[in-house]
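Welcome! Have the view open as you go.

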Amino acid sequence: MVSRWLHLARGQVRLRVTGASLTRFLNVCASHELTLRRMRRTAWNELTCFMSVEDFRALRRFMGRTGCRVHIAQKAGVPFLAARLRPRTVLWGGFILFAALCWLMITRVWAIEPHIDPALPRAAVMEALEREGVRIGASKGMNVKQIRWRVMQQVPELSFLSLNISGNRLTIEATGSVMKPEMLDEDAVVKVVATRDGVVEQMNVWQGAPLVRPGDAVAVGDTLVSGLVPPTTETGDYHLTHARGEIMAHTTYDVDTRRALQTEKKTYTGKVKKQYALVFGSHRLNLYFGSGIAGGSCDKIIETKTAWLSDSVVFPVSLVRQTYVYYERQPEAAAAEDAAADMAARVLARLEAGMQGTITGERQSFDERDGAVTLHLQAQAIEQIGAEALDDSVIPETPPAPSEDAP
């Protein structure tokens, strides 16, 4: 099969040889190393065979010695096909254009898929990549290591950046450095102070000297556990340490919030408007008149469909559909009780999310005035209120011991 395809690529002819001296014809071909393939004797004075184009051209110089007549019964192969197609310029132009498009497809980046940490400035990262030439239509031969180093210099928040090219798709992975909480030196003298007013419920002190007990009321900034530890025996000494502890206390939150009772809701009219656009690489061709800004109140939904061959091979053509769903704003009056209940639920959820503890009880009241409801909420919680801070305590001087010879 492979040899047959090779012969077709070079071009071959099917010959019909007639004459009384077929043996002389075969001897001439053999003496001049002209290859005959798939020979078949059809009559005492006739045979058929296949010969390459090169050998057939050489055979014509020796035809007078064979005493036979040679007829071309069939022509096959790429050279003859190219000769028939040569006058068709449109076909050749289309083939050249197709080859150019294939070359662009495999040598350029036509899809960029960014995975950027939400904590990072996404716009700054993409602008830095754009400055370094990372864009739709960029060459796949870009220096990825150099681009990565330069972008990380421009965006200090980046701790990891990778550019992975698969087919003609570029995947960007970017993560930011996690801001570690400020840690105090293990050898520093540290105390535990209160971060909120409250009444101490429970104390778990692992290191340091506790200065309060369960049931004591404390205020913000009060020292709960000292880094200065007094002597435990009569012969002991004071010493400084890194105080550690967990202080659970009852705390109280007072919150006042206000909300208007007259609100607006969306009522869809049923009117829908659609606009289409084609995107070739980074160029957009709008298939509609005017701008993409729709008059009136509406929801705008954008859908993009990209032509693709596989997960890693994407065509540089996308169809964008913009759908406008129109609505009217209708006034809506909420009941004061419902608004107050919703406000209370939101406030309690926000408080509990911001504490190291739980809400144990709440008391609320509301009043309606001037078309709005005002909520007064008092929440009780039990939470951890201890936080570490530097301790400036110093070891007190010990008075000299009395001499035994003193009267």
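A disulfide is a pair of cysteine sulfur atoms within 2.5 Å. This is a predicted model, in which local features need pLDDT of at least 70 and side-chain atom pairs count only at pLDDT 80 or more, while totals for chains, interfaces and linings use all residues. Residues are numbered from 1 along each chain as its sequence is written, and side-chain values use heavy atoms, with hydrogens and water left out.

**Exercise 1.** Find how many disulfides the structure holds, and check C49.

*Solution.* 
- Step 1: Count the disulfides; there are zero.
- Step 2: Look at C49, whose closest cysteine sulfur belongs to C29. The two sulfurs are 7.2 Å apart, which is too far for a bond.
- Step 3: C49 is buried at 1%, whereas C102 is partly exposed at 32%.

**Exercise 2.** Work out which parts of the chain the pair E54 and R10 ties together.

*Solution.* 
- Step 1: Recall the idea: side chains of opposite charge can pair when their charged atoms come close.
- Step 2: Apply the rule for a salt bridge, a side-chain nitrogen of Lys or Arg within 4 Å of a carboxyl oxygen of Asp or Glu. E54 and R10 form one, with 3.7 Å from N to O.
- Step 3: Check accessibility: E54 is partly exposed at 40%, and R10 is partly exposed at 44%.

**Exercise 3.** Now try the strands: which strands do K266 and D299 lie in?

*Solution.* 
- Step 1: The closest N and O atoms of K266 and D299 are 3.0 Å apart, in a salt bridge.
- Step 2: K266 belongs to strand 16 (residues 262-280) and D299 to strand 18 (residues 298-308), so parts 33 residues apart in sequence are tied together.
- Step 3: K266 is partly exposed, at 44%.

**Exercise 4.** Finish with the total: how many salt bridges are there?

*Solution.* 
- Step 1: The count comes to eleven salt bridges.
- Step 2: Some residues join in a network, as R259, D342 and R346 do.

Key
Helices (H or I, at least four residues) and strands (E, at least two) are DSSP runs, numbered from the N terminus. Buried means under 20% relative accessible area, exposed over 50%, partly exposed in between (1.4 Å probe, protein chains only).
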